[in-house]
Amino acid sequence: MAKMKVSKPPRIEEILIKEFQNLIELMPVDTQQLQNLENQLNEMPLSSSTNVSRVVKLDIKQPNEEQMNKLIEAYKKYYALFTTHKATDSKGRYLYWDKIKRQYSKKEDAEKIWAATKINRLAGKKKFEFIANYEFSFCVPDTMQALLHFIDKSCGDHIMLSSGNQLGAADKKTLMIEEAITSAQLEGAATTRKVAKQLLASQRPKPQNEYEIMIVNNHKLMQKTLALKNEPLSIKMILSLHHIATENAIGNQAVSGKFRQNDDIHIADYDGNSVYQPPAFTEVPKLMEALCTFANTDHDGINHPLFIHPIVKAIMLHFFTGYIHPFGDGNGRTARALFYWFVLRNGYDLFEYISISRLLRETPTKYAKSYLYTENDDLDLTYFIYYQLDIIKRAIEDLRSYVEKETSKLQNFTAEISNFATAHGLNGRQIEILQAAVKEKGKIFTVKNVSAQFDVAENTARTDLKQLLELKLLGQFKSGNAINFIAPSDLKDRLI
């Protein structure tokens, strides 16, 4: 595991004061006169109304040519700094102090560039007070807008990808359990993916260990989050989600569905060094109320003066939950649930099938650093927002690749069905039944439904299904007096 070292950035006030002092030295002012002025001002009584201009007369001289040239050079240098080093670098990256410091060998140069970068960021920052004494800010540079545009195009209120491929029912079921598994693995669950999928598919009533409990809990959590997407956020909802996530799978002597009752908690780096101390437990209730108010406020830029893009706001909810750290354990699971609740609430339906935890799990150091950058740099949320947007973009691209790969398999499989149909004399109806069966494992076919779908007599439909059963391309089971037919999970293998 990579070490996580994050240094505190220098204060821009101190950098600017130092630079201002350097400029003063270029000015043609008699230092002795300045000293006399300072002495006389110090000797004046506080109540004095004496006109300062009568106390000492300063003889300000016109700069000579050499001094003027130095001032012009200084102006050009600072102008170049402020016009070259914007909120993001030339590649559009929102760099933290550590990275700027590494790029420039001289500390003085790095500090000047940091000051120029910070001032440009201040000009474009959106500030808001989350609650008294907690003022956060964020920027929306061009590269962030581009990421948000990509997400908007990809994740509207539909389940069709931009390529035109749609998610089949089997794909949906597989993808819906992905976040449950990877979220548990992110928290330390050691169960293999194969075992986890079998566990959720079979819906065993009693998981065998704490890891399996965590996975089942996460699956229930995602289902509950989806069910609550039209409900406003409340303390009751947050505690309910935490209880679902952590029931029988919680550590640190914490209690499921209850806020922490002590400050015996700190965030450490991978060397065990404390890097962040969350707010006192006595502040948690009011901070979580503020979180609910923030979530339920419509930051549309019309009814509310501040516009926050829904995806950005969902990421903020994730951050604030981690920052407040309201629970003794299970904060990460709850934070991710609130993220999903908000994006689904705002019509980004594709997130039901997108797992961010898998990618967060791959880069835990970057995830932790994005928190620390924000905390160390005047609560600037932009670092965390950028990191999460990159994770979301990659998750969408992974989903698109998955669906395209499965679509390609299906197209190849259609050719295999055609060859099999020719060899075994299958008709067009039977080919369509097999195509539907391979898209959805476990799909049920009844005589009545097949008869209605193809507008044929029930005897004809029964004959079609029985022939597929005899070829072992379908299974069967009884439901009352009727016999139903089911798509097997290994249908592709049976056709080869």
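This is a predicted model: local features need pLDDT of at least 70, side-chain atom pairs count only at pLDDT 80 or more; totals for chains, interfaces and linings use all residues.
Now step back into H20 itself, residues 447–454, and colour Val-447, Val-450, Ser-451 and Phe-454, which are buried. Look down the helix axis: these buried residues fall within an arc of 100 degrees, so they line one face of H20. Turn to the face pointing away from that buried side, and you will find Lys-448, Ala-452 and Gln-453 exposed.

What covers the buried residues of H20? Show helix H19 (428–439), strand S5 (444–445), helix H21 (458–470) and strand S7 (482–486), which are included in that cover.

Next, head for the largest nonpolar core, which has 95 residues. Good ones to select are Phe-130, Phe-136, Ile-151, Ile-311, Met-316, Phe-320 and Phe-351, the residues with the most contacts inside this core. Its largest share, twelve residues, comes from helix H18 (residues 382–424). Zoom in on Phe-351: beyond its neighbours within four places in sequence, its contacts include Ile-151, Cys-155, Ile-311, Phe-339 and Ile-392.

Finish at strands S1 (residues 126–131) and S2, which run antiparallel and are joined by five bridges. Pick out Ile-131 and you will see Tyr-134 of S2 opposite. The two strands form a hairpin with two residues between them, and Asn-133 in the turn has a positive phi of about 75 degrees. Last, select S2, residues 134–138: four of its five residues are buried, so the strand is largely enclosed by the rest of the structure.

How values were computed. Residues are numbered from 1 along each chain as its sequence is written. Side-chain values use heavy atoms; hydrogens and water are left out. Buried means under 20% relative accessible area, exposed over 50%, partly exposed in between (1.4 Å probe, protein chains only). Two strands pair if DSSP finds at least two bridges between them. The arc is that of the directions from the helix axis to the C-beta atoms. Contact means heavy atoms within 4.5 Å. A nonpolar core is a set of buried Ala, Val, Leu, Ile, Met, Phe, Trp, Tyr and Cys residues joined through side-chain atoms within 4.5 Å.
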